Amino acid sequence: MTCVLITGATSGIGLQLAQDYAKEDWSVLACGRNQTQLNELAQTYPNITPVAFDVTDLEQVQIAFRDLPQFPDLWILNAGTCEYIENGNMDTALVKRVMDVNFYGMVHCIEALQSLLRHGDHVAVVSSIAGEMVLPQSQAYGASKAAVSYVLNVQAAEWAKQGITTSIIYPGFVKTPLTDKNTFDMPMMIPVEEASRKIRKQLAKRHSHIYVPWIFTAIVRLIALLPYAWQQKLVEKLIK
Ligand SMILES: NC(=O)c1ccc[n+]([C@@H]2O[C@H](COP(=O)([O-])OP(=O)(O)OC[C@H]3O[C@@H](n4cnc5c(N)ncnc54)[C@H](OP(=O)(O)O)[C@@H]3O)[C@@H](O)[C@H]2O)c1
């Protein structure tokens, strides 16, 4: 049975991916901190195995990956968080919290999984289109995701020499508990089921860069080509 490991599988995009892969008869290693939610998931789907750890703790990640019951063919590093900087008031503790989960969490997972990778394996990381352009209040979140994409683009070139495929996933707005907290307009937001379907389809084709939904992320990428001052004006119109 093909095996996928998914971090952040207790909620939102990761949860939907875990359920959908389980329905397609994959063996799913579902990761998160919330052991109760992971156990409930495993009770519903016999082919889901819970793996509880905190991505911000390198030792926990190393132990969890060392003791996996099966070698994943596909790793989806999806665990993430979002906090915004209000009114330009820089908050170091907030930035560190976001970087700890989104950036160092991903780095910890890569360090822990690299010795387990075999020729033909596939590593996917959930970044964000927010890392590709200047977005209001996103000093911490946008920077963490820009860093994730940068690291993975470099890592991809190294892994390619060993026959390892890499995918970077750039979601726009997807309806999940993470975006439910947002108080601003979220243009072209898609349901999580649609995000999962599109992500799984492109992962199956081993696309290196996956943009979901395509039109919104294409608009953002076009805006990102403009001078920063123009980007800010356009983003103010796009996201109120
Ligand atoms: N929703 C969107 O519109 C959107 C857009 C662009 C990018 N993304 C990215 O997509 C990913 C999933 O987002 P989502 O919207 O599905 O968010 P979500 O519903 O809030 O889910 C986040 C997941 O990450 C896990 N997680 C958080 N901190 C963790 C930690 N320290 N250790 C281990 N797991 C941790 C949570 O599990 P536990 O609480 O059980 O640990 C949860 O399963 C994130 O990387 C996010 O940045 C989302």
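Modeller: An oxygen atom of the ligand sits 2.7 Å from a polar backbone atom of Val174. That is a polar contact, meaning a pair of N or O atoms within 3.5 Å. Arg33 brings a polar side-chain atom to 2.6 Å from an oxygen atom of the ligand. Gly80 uses a backbone N or O atom, 3.4 Å from a ligand oxygen atom. The protein covers 92% of the 880 Å² of accessible area that the ligand has on its own; such areas come from the Shrake-Rupley method with a 1.4 Å probe.

A word on the basis. This is a predicted model, where local features need pLDDT of at least 70, side-chain atom pairs count only at pLDDT 80 or more, and totals for chains, interfaces and linings use all residues. Residues are numbered from 1 along each chain as its sequence is written, and side-chain values use heavy atoms, with hydrogens and water left out.

Now the shell. The ligand is surrounded by 30 residues, each with a heavy atom within 4 Å of it. Ser11, Arg33, Tyr141, Val174 and Thr176 are the closest. The shell divides into 13 nonpolar, 14 polar and three charged residues. Here Ala, Val, Leu, Ile, Met, Phe, Trp, Tyr, Cys and Pro count as nonpolar, Asp, Glu, Lys and Arg as charged, and the others, Gly among them, as polar.

Three helices each supply at least two shell residues: helix 1, helix 5 (139–160) and helix 6 (177–180). Helices are DSSP runs (H or I, at least four residues), strands are E runs of at least two, and both are numbered from the N terminus. Helix 6 gives the largest share, three residues.

Follow helix 1 (residues 12–23) onward. Its axis comes within 9 Å of that of helix 7 (residues 192–204), and the two cross at roughly 65 degrees. Axes are lines fitted to C-alpha atoms over the stretch in contact, with angles from 0 to 180 degrees between N-to-C directions. Helix 1 contributes Gly12, Ile13, Gln16, Leu17, Asp20 and Tyr21 to the contact, and helix 7 contributes Val192, Glu193, Ser196, Ile199, Arg200 and Leu203. Contact means heavy atoms within 4.5 Å. These residues divide into six nonpolar, three polar and three charged.

Key
Polar contact = N/O pair within 3.5 Å; in protein donor to acceptor, adjacent residues only side chain to side chain.
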